[in-house]
Amino acid sequence: KKRSIFSGSLMPLFDMNNLSIGREWSIEWMNPLSSSKPETALAKVEAKEMLAVEGKNIETFLVTLEYQKTLFRLWVDMKGEIIKYSGFGFTLIREGL
């Protein structure tokens, strides 16, 4: 079973395969709480960064996601798994790597 810090219903929105610096894409979905029109978030691979997690150095891509003027940051490993997430004043880090 693949573990994720996002709920299973959100995972199809995030294509984290074949990342490269400068890659950009948009994500559209229906938000039942705000409107009847599709909403768009913009994603961009900003850089490669090394993260130290549980005493291990992990090579990651820093992906920014902008949605409704809010910026989220995701650090994604070379397998496409989200290792760290930062947004809404919270930072979540995957454990048990």
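Student: Quick one to start. Is F88 buried or exposed?
Tutor: F88 counts as exposed, at 62% relative accessibility. Buried means under 20% relative accessible area, exposed means over 50%, and partly exposed lies in between, using a 1.4 Å probe and protein chains only.

Student: What kind of model is this, and how are residues numbered?
Tutor: This is a predicted model with residues numbered from 1 along each chain as its sequence is written, where local features need pLDDT of at least 70, side-chain atom pairs count only at pLDDT 80 or more, and totals for chains, interfaces and linings use all residues. Side-chain values use heavy atoms, with hydrogens and water left out.

Student: Back to F88. Where does F88 sit?
Tutor: In the loop between β5 and β6. Strands here are DSSP runs of E with at least two residues, helices are runs of H or I with at least four, and both are numbered from the N terminus. F88 also has a positive phi of about 55 degrees, although it is not a glycine.

Student: Which other residue has a positive phi without being a glycine?
Tutor: K69, with phi near 65 degrees. K69 lies in the loop between β3 and β4. K69 is exposed, with a relative accessible area of 82%.

Student: Now rings. How many aromatic pairs are there?
Tutor: The count comes to 2 aromatic pairs. Rings of Phe, Tyr and Trp (its six-membered ring) pair if their centres lie within 6.5 Å; planes under 30 degrees apart are stacked, over 60 edge-to-face, and the rest tilted. F72 is in strand β4 (residues 70–77) and Y85 in strand β5 (residues 82–87), 13 residues apart.

Student: Why does F72 count as buried?
Tutor: Because its relative accessibility is 7%. Y85 is buried too, at 12%.

Student: What does F88 pair with?
Tutor: F72. That pair is edge-to-face, 5.0 Å centre to centre, with 75 degrees between the planes. F72 lies in strand β4 and F88 in a loop, so the pair ties together parts 16 residues apart in sequence. Ring pairs link F72, Y85 and F88 into a cluster.

Student: Which charged residues sit over rings?
Tutor: The charged end of R23 sits over the ring of W25, 4.4 Å from its centre. K84 lies over the face of W75, at 4.6 Å from the ring centre. The rule: NZ of Lys or CZ of Arg must be within 6 Å of the ring centre and within 35 degrees of the ring normal.

Student: New topic. How many residues does the largest nonpolar core have?
Tutor: The largest core has 16 residues, and M16, L19 and W25 are among those with the most contacts inside it. A nonpolar core is a set of buried Ala, Val, Leu, Ile, Met, Phe, Trp, Tyr and Cys residues joined through side-chain atoms within 4.5 Å. The largest share, 4 residues, comes from β3. A second, separate core of 6 residues includes L51, V53, I58 and I83.

Student: What does V53 touch?
Tutor: I58, I83, I93, R94 and L97, not counting residues up to four places away in sequence. Contact means heavy atoms within 4.5 Å. V53 is found in strand β2 (residues 38–53) and is buried, at 6%.

Student: How many residues apart are V53 and L97 in sequence?
Tutor: 44 residues apart in sequence, and 8.1 Å apart in space, C-alpha to C-alpha.
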